[in-house]
Amino acid sequence: MAEEGHRVTLNVYDLSQGLARQLSSSFLGKAIEGIWHTGIAVYGNEYYFGGGIQHCPAGTTQYGVPLRVVELGVTHVPKDVFEMYLQEISPRYTAEAYSLLTHNCNNFSNEVAQFLVGATIPEYILNLPNEVMSSPMGALVLPMIQNLEATMRSGGVPRVPQFSPSTVSPSHTASATTVKASGSTNSSTSSDVNSKTGAEPQKSSSPNVVVGDPLGDARGKVQDEIIKEFSAIMATGTMRASEAAALATKRVMQKYGHTAVSQS
């Protein structure tokens, strides 16, 4: 008897919660719609990569409601065969192996989608790291990328906005099952996943100046000024975080673009 077909969808979340769309043009010099996190929904669960391969009942992940759901097709792969497949690939998807730029949740979703239905996930999701790093201001966002990476390695959800390098990881209430390389599964909160992995910051020599970067050596100062400006605006209590972040970035970027600004 043929195996019953199972619907496969891609749940897409914006980790920036709208900030990327508002700030990217002025901050990076090009429009970025979102900072994408994805998970594969199938067999009543959602499977994703952060602090290892994890899964939760569909609709209950700590990322909230998907911004969009992409239909990938129908799979006839039995669930037990899929779970064996996850065990096989789990050594390549450990918390230590996570890289926001080169080996992330979207790479995992893409590989799983090909296994289940022979399809890839949308290119705009896979190409996001290249889009960011090829921008004139790409090197400026490296500290924020490193913070995001540390949070995702621990299985957490980044706080928004991600301007300060001293961002504290939020507490996690949702529990997820992590697929272990040994072949067993362990149901735990994300704080239990390889606590040793979040400690080692990447060695960062001073970033190279990007060719054509209008700020040159002032990039670090720009980031500090955006943080201060954002904090000052938020202290007034008159704006939401997304509005304050957009205004702070605009003011500082106009200043360094030598545009006359007369804002109080």
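Select Arg92: with 41% relative accessibility, this residue counts as partly exposed. Here buried means under 20% relative accessible area, exposed over 50%, and partly exposed in between, with a 1.4 Å probe and protein chains only.

Before moving on, note that the model is predicted: local features need pLDDT of at least 70, side-chain atom pairs count only at pLDDT 80 or more, and totals for chains, interfaces and linings use all residues. Residues are numbered from 1 along each chain as its sequence is written, and side-chain values use heavy atoms, with hydrogens and water left out.

**Stop 1: the salt bridges**

The term means a side-chain nitrogen of Lys or Arg within 4 Å of a carboxyl oxygen of Asp or Glu. Helices (H or I, at least four residues) and strands (E, at least two) are DSSP runs, numbered from the N terminus. Glu111 is partly exposed at 22%.

How many salt bridges does the structure hold? There are 3.

Next, select Arg7 and Glu71. Their side chains meet in a salt bridge at 2.3 Å, N to O. Arg7 belongs to strand E1 (residues 6-14) and Glu71 to strand E5 (residues 68-75), so the pair ties together parts 64 residues apart in sequence. Arg7 is exposed at 54% relative accessibility. Glu71 is partly exposed, at 48%.

Now go to Glu33 and Arg68. This salt bridge spans 2.8 Å, N to O. Glu33 is in the loop between helix H1 (19-28) and strand E2 (36-42), while Arg68 is in strand E5, 35 residues apart. Both ends are partly exposed: Glu33 has a relative accessible area of 37%, Arg68 one of 26%.

**Stop 2: Asn11**

Asn11 lies in strand E1. Is Asn11 buried or exposed? At 8% relative accessibility, Asn11 is buried. Pick out Glu46: a polar contact of 2.8 Å joins its side chain to that of Asn11. A polar contact is a pair of N or O atoms within 3.5 Å; within protein, one must be able to donate a hydrogen and the other to accept it, and residues adjacent in sequence count only if both atoms are side-chain atoms.

**Stop 3: the aromatic rings**

Show Phe, Tyr and Trp. Rings (for Trp, the six-membered one) pair if their centres lie within 6.5 Å; planes under 30 degrees apart count as stacked, over 60 as edge-to-face and the rest as tilted. The count comes to 12 aromatic pairs.

Start with Trp36 and Tyr124. They are edge-to-face, 5.8 Å centre to centre, with 80 degrees between the planes. Trp36 is in strand E2 and Tyr124 in helix H4 (residues 123-126), so the pair ties together parts 88 residues apart in sequence. Trp36 is buried at 5%; Tyr124 is partly exposed at 35%.

Move to Phe49 and Tyr93. Their ring centres are 5.0 Å apart and their planes at 85 degrees, so this pair is edge-to-face. Phe49 lies in strand E3 (residues 45-50) and Tyr93 in the loop between H2 and H3, 44 residues apart. Phe49 is buried at 0%, and Tyr93 is buried at 2%.

Finish with Tyr43, Tyr47, Phe82, Tyr85 and Phe115. These form one aromatic cluster.
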